[in-house]
Each structure stands twice: as C-alpha cells, then as structure tokens.
Amino acid sequence: MGTKAIRGTFLDFIDDPWKHVGDEAAATRFHRDGLLVIEDGIVADFGVYDEVAPRHPGVEITEIRDRIILPGFIDGHIHLPQTRVLGAYGEQLLPWLQKWVFPEEHRYSERAYAEEGTKHFFDNLLASGTTTAQTFTTGNLTCNEVFFEEASKRNMRMIGGLTGIDTHVPDYFANTPEQFYTDSKALIEKWHGTGRNLYAITPRFAFGASVELMEACRRLKQEHPDLWVNTHISENPAEIHGVLALHDDCTDYLGVYEKFDLVGPKFTGGHGVWLSNSEFRRFSEKGAAVAFCPSSNLYLGSGLFRLGRALDPEHRVLISVGTDMGGGNRFSLLNSLEDAYKVGMLQNTILDGSIVPSDQDLEESERNKLSSLRAFYLLTRGGAESLYIDDKVGTFDIGKEADFVALDWTAGPPAAPWHASLLLEKGGDELSLETVTDLLFGIMMVADERAVDQTWVMGELAYQKA
Ligand code: GUN
Ligand code: ZN
C-alpha cells in the first residue's frame, strides 16, 4: 500500500454540533486547502496543506479539486438481502415482511443468488458514499458467509451477523434457536475481527423471537461480551402490541431486550419511532444507540421519530442514521437526511404549540432542526460513536482508517447545480466553512447519490462516478 496523500477541501467533526447551538462551526474541523497523508490505509498526518506538506517531502499527492471531502458515511441500519425489494408497493411493516421480504430473503440461501445480490449491495453502498454499514443478513449460513467474504474483498469496515427469526414467520424461513446459536458461533469464530469485519448478534426483532431464541442471544452475548447487538425496536404500533403480548411481564419494548441482558454499549435498536421518554432515558443510561431510519419510517408509514426528544441533554441517546434499505426506499444516506429534515419540520408544527398550546416545547423543537452540520456529523463521527467504532472511523484523526467520500456540489438533478451556483459562482477557490455548510444542505435536500463523485476505502479509490 505504501504512503500517499490527498490534497483537497476537507471537513470533519471534533464534537457534536448539538452541543454548540448558535455556533455549530465550533464542532467542525475545516481545511479549505488540506492534506491527508495515508500510510498503509491509515491516516498518518492531516492538516493545512502548507503545514503538512513540508513534513512529507516526495510523497505522491492526488489532488481532488472542487469537491468537499468528508469521512466515509456510516449506515447504522440496512438489510443486505432486500436489495431487490426496494420500492415494493402498498404495505405496512408486518404484511410487507410477509408479502415481499421473507420470500426474497429466502432466495439468499442459494449461493449464486446471494453472491449476485451481495455484489449489487456493496456496489450501491460505495456509489452512495457509504463505507461502513451495520447490516442485517438472513438466518441462513450461506448468506452470511457470502456477506463476510464480499466485505473482506472490498476491505470495508462492516458490522453484521446471522439474523435470527423463529416466531410470526413462515416455516421455510424460520431458524431454530439451536441452529441460530450454532451457526452464529461458527460465524463469530471465523469472521469477528477477521480483516475489518465485526460481528453483531442479531435477533431480527422481539416480535419474531421466541424466549428460546432470545436466550440464545443472551448466551452469545455472555460468551462474547465484545460483540455488537443489532435489532429493531418500536417501529410499528401493531408490532409493539404483538411484542407486549409475547412478554406480559414487560411494560415496554425495550424491557424485552433488557430482560435478556442485551442492552448496553454496542446495542443498536433500529427505528424507535414509538419509544417513550422512559425508554430514551434507559438507552442513554446504558450507552445504547438508536438507528434513526427516516426514509423507512415514512415509506412504511411507521411514524415520526422524535429526534429532538432523543437528544434531550438530560438523557442524550447515541444516534446513527440508517437507510433501512429496503424498508427505506433509497440506498443513499443523503436521501435519509432529506427525509430526516422533513420529519423534524413536521414534528415542529406540533411543538411550536400552534395546534395545541400545551404541546409547545421550543427546546425540543430546536433540536429537531437538522442543519447540514448536524446531519453530516450523524453520518460520520456521530454514527461511529453510536456504534463504538469511533476509534477506527468517522474522522480524519491520525490513526483512523482512511475511508472518505468526495462530494460534487454541482451534480445530481438539474436543480442541484442551479442551487449551488447561487452560493458559489466560480470554482472552489473561494470556499469557506459557511459556504460549505450551505452547499452541504443543498446536497442533502436537492441532490442525491449522484453528488457522490468518489468513494475511498482504506486510502484506495473504490468508486468513481462514471
Ligand atoms: N422488523 C423486522 N424485520 C424488519 C425488516 O426487514 N425491515 C424493517 N423495516 N423492520 C423489520
Ligand atoms: Zn430494518
């Protein structure tokens, strides 16, 4: 691999912008003319070009002009075997799973089918600027082998694991708790910590798990406390009623995962649309994370996530953004940001008190507003923190893995360059943090994955837009 350097305009985060209301720039690190030095895929030096370059005489420099370079995007919640059910018509969560998802995911038991779908999956991630994803697979061993093999080939930092379900599911797609445990064990032995792969114990959701399957998850976590736990929580009202019917000793959905000792650091619950204040508080106290999946929550009609409530400083919850593709109808996290912004705006129609005065909460309302800096923080450093991989990815700090994305603010639908021209008449020579902040908002609201010009993985170009 050797040593190389990238010269261009860089933005990453040194803190959470929500902690700097009124001065979000204080959470950023911006170099209009920066240099990122990479040694064997790892950031070896980073800073202003004029300061860093003299420290590395003779290093081979690649210039990336007229682009904004950010750390690679992190998708906190996505489904590998749903690549082909993207855009399925007409159902809410539970019938959608039965009608579209289980039949398609079952096909991934066949190696050739799984390999083809998995290639599409990774190609789409890279074309969207996503370099890390916490991924659901299926309960089938072959599908999981193919996932980890392809992730290894691409050298991407991925989190995933055998996705178990044995309740409310057709027989052809059900795991047994014994098989779930044994196959998970085999995958953990073979893949956890191999290359950049990390393993997540993955009960699909409490609605789809018998007590025995949940016990198997508990046992795996006890035997491997360093593993991740990835699941769904409180996505859809019908699902929640079903979960509480299965566990009448629990007062809420999170209580079920708590009962089986799964909630703590490295636990992520996807969606969390209907989480109570008490559940947010327990997430926060335990260091557990929610994956906010706005495109899916809208597409499946699940509801409006209360971001501003989850981020209450009294009980700030760790948050990633997830596409939840194919429950979400896009691969691109840029589209998720667009939807997240709109969800916040909708919430604020209630929180400003103009409908019901007693609903007014202006502080929560302020936290719902997804500025571009808040948004891209969630896709990078914030997502990494929520997954406890911020020692590895999410910023350009020295020692981090050099995954990054170069965004073209003039690309995408015809309105994108038009929007950008309003902010920046000439090339990138006049870029300031303020302009970049505005361009990024334009990218998340007006553009789409066509704004992703290049995606780099461990210092290697992994995707170049045609
Ligand atoms: N809950 C359990 N399985 C799934 C799934 O595949 N997608 C979504 N959105 N929710 C789920
Ligand atoms: Zn999901």
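**Note on the predicted model: ligand shell, strands and domain contact**

1. Ligand 1 is surrounded by His79, Leu93, Leu97, Val101, Arg204, Phe205, His232, Glu235, Ser296, Asp324 and Gly327. A residue counts as near a molecule or strand if its C-beta atom, placed from the backbone, lies within 6 Å of it. By class, this shell holds 4 nonpolar, 4 polar and 3 charged residues. Helix 2 (residues 93-106) gives the most to the shell, with 3 residues. Helices (H or I, at least four residues) and strands (E, at least two) are DSSP runs, numbered from the N terminus.

2. On provenance and confidence. This is a predicted model, in which local features need pLDDT of at least 70, side-chain atom pairs count only at pLDDT 80 or more, and totals for chains, interfaces and linings use all residues. Residues are numbered from 1 along each chain as its sequence is written, while chains are lettered from A and ligands numbered from 1 in the order in which they are written. The protein chain averages a pLDDT of 97, and 99% of the residues score at least 70; pLDDT is the predictor's confidence in each residue, from 0 to 100. For the complex, the predictor gives an ipTM of 0.99 and a pTM of 0.98.

3. Gln98 also sits in helix 2. Gln98 is partly exposed because 15 C-beta neighbours lie inside 10 Å. The scale runs as follows: buried means 20 or more other C-beta atoms within 10 Å of the residue's own, exposed means 12 or fewer, and partly exposed is in between, with C-beta atoms placed from the backbone. Gln98 and Leu86 are 12 residues apart in sequence and 15 Å apart in space, C-alpha to C-alpha.

4. Strand 5 (residues 73-79) is largely enclosed by the rest of the structure, because 7 of its 7 residues are buried. Strand 5 runs parallel to strand 6 (residues 130-136), joined by 5 bridges. Strands pair if DSSP finds at least two bridges between them. His79, one of the residues around ligand 1, stands opposite Phe136 in strand 6.

5. Strand 6 also pairs with strand 7, in the parallel sense over 5 bridges. Thr132 has Arg157 of strand 7 as its bridge partner. In strand 7 (residues 157-161), 5 of the 5 residues are buried, so the strand is largely enclosed by the rest of the structure. In a regular strand the side chains alternate between the two faces of the sheet. Both faces of strand 7 are covered: Arg157, Ile159 and Gly161 are buried on one side, Met158 and Gly160 on the other.

6. Asn230 lies in strand 10 (residues 228-233). Asn230 is buried because 28 other C-beta atoms lie within 10 Å. Leaving aside residues up to four places away in sequence, Asn230 touches Gln134, Gly161, Ala200, Thr202 and Thr268. Contact means C-beta atoms, placed from the backbone, within 7 Å. Asn230 and Thr268 are 38 residues apart along the chain, yet their C-alpha atoms are separated by 5.0 Å.

7. The domain assignment gives domain 1 (3-72 + 394-464) and domain 2 (73-386). Such bounds come from an automatic or database domain assignment. The domain centres, taken over C-alpha atoms, are 28 Å apart. The contact takes 33 residues from domain 1 and 34 residues from domain 2. On the side of domain 1 that touches domain 2, strand 1, strand 4, helix 16 (433-445), strand 15 (452-457) and strand 16 (460-464) each supply at least two residues. Helix 16 has the largest share of that side, 6 residues. The residues of that side divide into 20 nonpolar, 6 polar and 7 charged.

8. Strand 1 (residues 3-13) has 9 of its 11 residues buried, so it is largely enclosed by the rest of the structure. Strand 1 pairs with strand 2 (residues 28-39) in the antiparallel sense over 10 bridges. Arg7 stands opposite Leu35 in strand 2. Strand 1 also runs parallel to strand 4 (residues 61-71), with 5 bridges. There, Thr9 stands opposite Ile68.

9. Backbone points to check. Most residues other than glycine have a negative phi, and most peptide bonds are trans. Asp40 has a positive phi of about 50° although it is not a glycine. Asp40 lies in the loop between strand 2 and strand 3 (42-48). A cis peptide bond joins Met325 and Gly326, with omega about -5°. Gly326 lies in the loop between strand 13 (318-321) and helix 12 (333-351).

How values were computed
Two residues are in contact if their C-beta atoms, placed from the backbone, lie within 7 Å. Ala, Val, Leu, Ile, Met, Phe, Trp, Tyr, Cys and Pro count as nonpolar, Asp, Glu, Lys and Arg as charged, and the others, Gly among them, as polar.
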